[in-house]
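Here are some notes to read alongside the model. Have a look at it first, then come back to the points.

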Amino acid sequence: MKKKTNIRVTIYKQRYLFIMLLPGLLWFIIFKYLTYGGLFLAFTDYGFRAKVSFVGIKNFQRLFQSAVFWNAFRNTIIISLCNIIFYFPIPLIVALMINELKSLTAKRSVQFLIYIPYFFSWVIVGAIFANILSPSSGVVNNILAAFGVEPVYFFASTKWFRAILIVSYIWRQMGYGAVIYVATLSTVDPQLYEAAAIDGCGRWKQMWHITLPSIKSTIITMLMLNLSHVLKIFEQVQVMYNSSVYSVSDVLQTYAYREGVLSGNIAYSTAVSLLVGIVSLILVLGTNQFSKKLLDDSIL
Amino acid sequence: MKIKESKSRMLFRIVNVIILALICAVVILPIWNVIVTSFAEDKDVMGNAYLLWPRSLTLKNYLRVFKSGYMKGFVNSLYVAVAGTALSMLFTIPLGYALSQKQLLFRRQIMRIVTLTMVFDAGLMPLYVLVKSLGLINSTWSLIWPFAISTFNLIIVKNFMTSIPESLIESSKLDGCNDIMVLTKIVIPLSVPILSAVMLFYFVGYWNRYTEVVMFINSNEKYTLQVMLRAIVFQGDGSMGDGNIVYNNIKMAVMMLGMLPVLIIYPFVQRHFVSGLMLGGVKE
């Protein structure tokens, strides 16, 4: 009885906090948790008929039998793995290089400049690359022409399109990652380096034994963020691809988009999204578990 | 021995600076090309010119763009971004403050509800169905409400507010301030750096949105600039309305419109991007 009144008193005391909390919490319930409820559509035939009926796992059966789905799945894995392999180390390396700069102004300016593309939409980034790689006026084809090579239509080339996706991904995201690493590097205690220098450690050894261990939790966090986006690669492809490169660039999300938005097959598209969501969740929790065990440092 | 080491060190520094300069060039030159081309005369962009040095300087392209339908898209984008950012801050700040107060009842549970949305996302279709059943299809609000809170930004704000000394808040409460007064008089003024950074992130998010605009909006009148931009660049849509071919200089002038607001705001907010701002967001 007493406890109950206590809670009432606390609630009354915190009434202003609850007033502040309420709109935001309502927003989360409506715009996040209701969409979770909407995932139920994956088990129905929503989209075509006026009357919606439950169809069990039929959508998933169709999914696993679809060659287009497996092609999209393969492309997603290939593009995302390439992104991780080629993109992931670059911001770290760039940050270590920035950290070696002596002048503070230079450090700041480099960070300022390389962060800029991160603010551009994929439409802008795509347009910039389309401009560089244009068969008629692009600088790359101009250079190739100087060597007597026939102009290449990169955006329609199944051979080159994935490379364009990866390079433009690096171009846009590099600064973002580097700035985070630089910020973490600045928190490393300089005394550690002095002590190591006295003990006779060279620069490379210092980097290996002090710098990298000091920022390992940041590295793992960044890896986890990357992994959580592995299957979600979408807008970049959506903006840049065209029907001549579907075979090498159609990813799970663009497939879901075409099925759901363009063909009106909403239930089936939801099934694809549900699959992507669950696998991504497992990837994130898995990395978190890994980080807990190996580094004694949980990220979430 | 010592001299030799400093020599190799010197060499390393020089190579380091050269590589970083090259990286900066790779980032900046394509953007510079857009700027230069957008000010170029028609005759200078015909054929296979990739301009890095201005051959002509004219405002003609911009005047043509201002008179075209792209201006409508620019205004639409600006409206969504400004109204959206205002709404986002209105939702994010009070929620962030409430969650930063350790005594808050059910704080752990509410934090769980919030953080789950960071790792699990329902995807496009459930959101589409929701927006549709809320009657927001083809309404500008469909580009604002679903994006009012970014969990990432919320947690950045909450973490910063948690780091404000409790004694400060306690003493003003003893002076008779309630939580709303504490927030507006003490916490918000102290959080200006983080709030301005978060504001930029929200603005950029609204400004750059593409996929959802195509999904939720189905009238040309309400399309945002990004949608029009993709049409002119990738679908060769020459909708300048005057029947002329769209040269690169016009395209680049439209692209400049698409980059401008962000390029204007960024330098003012950049100095707040220190101290692991973003990563503070991921760690509880």
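This is a predicted model: local features need pLDDT of at least 70, side-chain atom pairs count only at pLDDT 80 or more; totals for chains, interfaces and linings use all residues.

1. Residues are numbered from 1 along each chain as its sequence is written, while chains are lettered from A and ligands numbered from 1 in the order in which they are written.

2. Chain B has 13 helices and 0 strands (DSSP runs numbered from the N terminus: H or I of at least four residues for helices, E of at least two for strands). Of its 284 residues, 39% are buried, meaning 20 or more other C-beta atoms, placed from the backbone, within 10 Å of the residue's own.

3. Chain B is split into domain 1 (2–58) and domain 2 (62–281), with bounds from an automatic or database domain assignment. Where they touch, domain 1 of chain B gives 8 residues and domain 2 of chain B gives 7; a contact is two C-beta atoms, placed from the backbone, within 7 Å. On the domain 1 side, H1(B) gives the most, with 4 residues.

4. Now the two chains: 70 residues from chain B meet 71 residues from chain A. Helix H1 (residues 2–38) of chain B supplies the largest share of chain B's side, 10 residues.

Terms used
A residue is buried if 20 or more other C-beta atoms lie within 10 Å of its own, exposed if 12 or fewer, and partly exposed in between; C-beta atoms are placed from the backbone.
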